[in-house]
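Please keep the sequence and the 3D view open while you read.

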Amino acid sequence: MDSIIETKNLTKRYGDFSAVDDVSFEVQKGEIFAFLGPNGAGKTTTIKMLTTLLKPTHGQVFLNGHNVVENPDETRKSFGIVFQDPSLDNELTAYENMQFHAVLYGVPKAVYQKRIIDLLTLVELYDRRDSFVKNFSGGMKRRLEIARGLLHHPKILFLDEPTIGLDPQTRNHIWTYIHNLNKEEQVTIFFTTHHMDEVERIAQRVAIIDHGKIIIMGTIKEIIEKAGTNTLESAFIKLTGSNIREEEGNPRLNRMRINQRLMR
Amino acid sequence: MTAIYILWLRQLKRFIRTRSRIIGALGQPIIFLLAIGFGLNPIYQQAGGGNYIQFLAPGIIVMTVLFTSIFTGMEIIWDKQFGFLKETFVAPVPRWQILLGKVLGGASVAMIQGTLVFLITLIAGFRPIHWTSLPLAFIFLFLVAMLASAMGAAIAARLDDMQAFPLIFNFLVQPLFFLSGAIFPLKNLPWFLDILTKINPFSYGVDGLRYALSGVATFSPFLSAGVLGAVFLVMIGFGVYQFSKVQM
């Protein structure tokens, strides 16, 4: 099998603080890869570097064979992403947000018209397709973001805590859809979550990152064995400690994050 | 190219849906027209300048287009705060196309607003010399709108919040307007004002529009169009560079 995501000594520093510190890993084509860690461990920063939004301080990233830093335009054709933070246009309707995305990603009209209906039905927003997003609740916005992320079928799909704030029914629907996408179109899935049941349900391989460093990587079984625990959840807590984390790092980014949360 | 279209369409939809903004943006030009236009008209006529409204109207239209364009450029900061810019920036669309779509959208919005103010100046008594020169007037207005939108976008690209907006407005946009010959003729000026107005690209926008609408001009219309076009290209280049440096 070939690797479709590859990082070598990936590092991001803000002053003295290393948000991501010398991270190297590979994800195989068609794999479902869970990227876990406590808050502020460096998950989102890593994803931002993988998706051309942030330049690494040093180290290399290859996505679908493209060097992400040197060739961002080609890289962007290979992936889709559901962000952790909101990224919808509140002044547009649900349908318009979907359509905007489809056109930007060059999905043919005949394909996107059908797919938008299917996806809005999946996340139970079809009845609200012509409502402005600013009138949506947090959960509805989240569902719309996920539907939008699934609209074009990329080679790699990044999901950064996609199911945050969703009820079990919706989470179930969404993971089933994602699993099918992976099986039928061999879309590589790279996701983060705090729900260990989601990891156990679909992930083939797991990496746990803490303080910017990957502390363990392997199948769920391997991780549980190495940690000497019964479940993934207890393995996670044993490996990363039981202290509650403050999100620290770049104060500028944190302020923006807080702003975005408030505006959600 | 469809990416440019959808970005343009988004700007237009957002504009049409915020009626309060459309009406709000008419306030300032109306005050200028009333207070400065009618207020200074008697003195201007006594000095032998002719009808001041006739002189001022093109300047007020350029002001509207300039302010609206800059503001639309600044909407990029909003997009950043609401996270929408991320969505646009990870799409497989080259940054220059994203910039061009936004600039075209901002310019179109400004053109609509400028046209509304043009209609208001007609009510105030302004009369273009030839209705046939309107297409030329729109060409100059479009050049001003594109230049100002590109400038707004290029500046906004590296800002994180709107806190810097008053600074930019008071120390860049306002001077660009007041030192453009919009409210006074560009002749017999003190030397420093002469230099400042001549290096201000929007002087050429005001002058070009005045040429098209009133038939009087300080510069050759070809020079005016040339300056606007050239500075626009420089600004787009700068904008693309700024966009390529954005980190999120």
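## A buried phenylalanine

Phe140(B) is buried, because 27 other C-beta atoms lie within 10 Å of its own (buried is 20 or more other C-beta atoms within 10 Å, exposed is 12 or fewer, and partly exposed is in between, with C-beta atoms placed from the backbone). Its place is in helix H6 of chain B. Helices (H or I, at least four residues) and strands (E, at least two) are DSSP runs, numbered from the N terminus.

Before going on, a note on what you see: this is a predicted model, in which local features need pLDDT of at least 70 and side-chain atom pairs count only at pLDDT 80 or more, while totals for chains, interfaces and linings use all residues. Residues are numbered from 1 along each chain as its sequence is written, and chains are lettered from A and ligands numbered from 1 in the order in which they are written.

Which residues does Phe140(B) touch, leaving aside its neighbours within four places in sequence? They are Gly205(B), Gly208(B), Leu209(B) and Ala212(B), where contact means C-beta atoms, placed from the backbone, within 7 Å. Ile30(B), on the other hand, is 110 residues from Phe140(B) in sequence and 22 Å from it in space, C-alpha to C-alpha.

## Two helix pairs

The table sets out one helix pair from each chain. Axes are lines fitted to C-alpha atoms, for helices over the stretch in contact, and angles run from 0 to 180 degrees between N-to-C directions.

| Helix pair | Angle | Axis distance |
|---|---|---|
| H5(B) (95–123) and H6(B) (134–156) | about 130° | 8 Å |
| H8(A) (220–227) and H9(A) (232–240) | roughly 55° | within 9 Å |

The angle makes H5(B) oblique to H6(B). For this word, angles under 35 degrees count as roughly parallel, over 145 as roughly antiparallel, 65 to 115 as roughly perpendicular and the rest as oblique. The crossing of H5(B) and H6(B) is right-handed; a crossing is right-handed if the near helix is turned clockwise from the far one by less than a right angle, and left-handed if anticlockwise. Residues making the contact include Gly106(B) and Ala110(B) of H5(B), and Ala145(B) and Ser149(B) of H6(B). By type, the contact has 12 nonpolar, four polar and one charged residue (Ala, Val, Leu, Ile, Met, Phe, Trp, Tyr, Cys and Pro count as nonpolar, Asp, Glu, Lys and Arg as charged, and the others, Gly among them, as polar).

In chain A, H8(A) and H9(A) are also oblique to each other, and their crossing is left-handed. Here Ile220(A), Ile223(A), Ile224(A) and Ala227(A) of H8(A) meet Leu232(A), Ala235(A), Lys238(A) and Leu239(A) of H9(A). That contact holds seven nonpolar residues, no polar ones and one charged.

## A sheet in chain A

Now find the open sheet of six strands in chain A, ordered S6-S7-S8-S3-S9-S10 with mixed pairing. Strands pair if DSSP finds at least two bridges between them. At the edges, S6 (79–82) and S10 (213–218) of chain A each pair on one side only. From one strand to the next, the twist averages 15°. Strand S9 (205–210) of chain A runs antiparallel to S10(A), joined by five bridges, and Ile208(A) stands opposite Ile216(A).

## Where the chains meet

How many residues does each chain give to the contact? Chain A gives 28 and chain B gives 22. On the chain A side, helices H2 (72–76), H3 (94–104) and H10 (251–263) each give two or more residues. The largest share, five residues, comes from H10(A).

Methods. Two residues are in contact if their C-beta atoms, placed from the backbone, lie within 7 Å.
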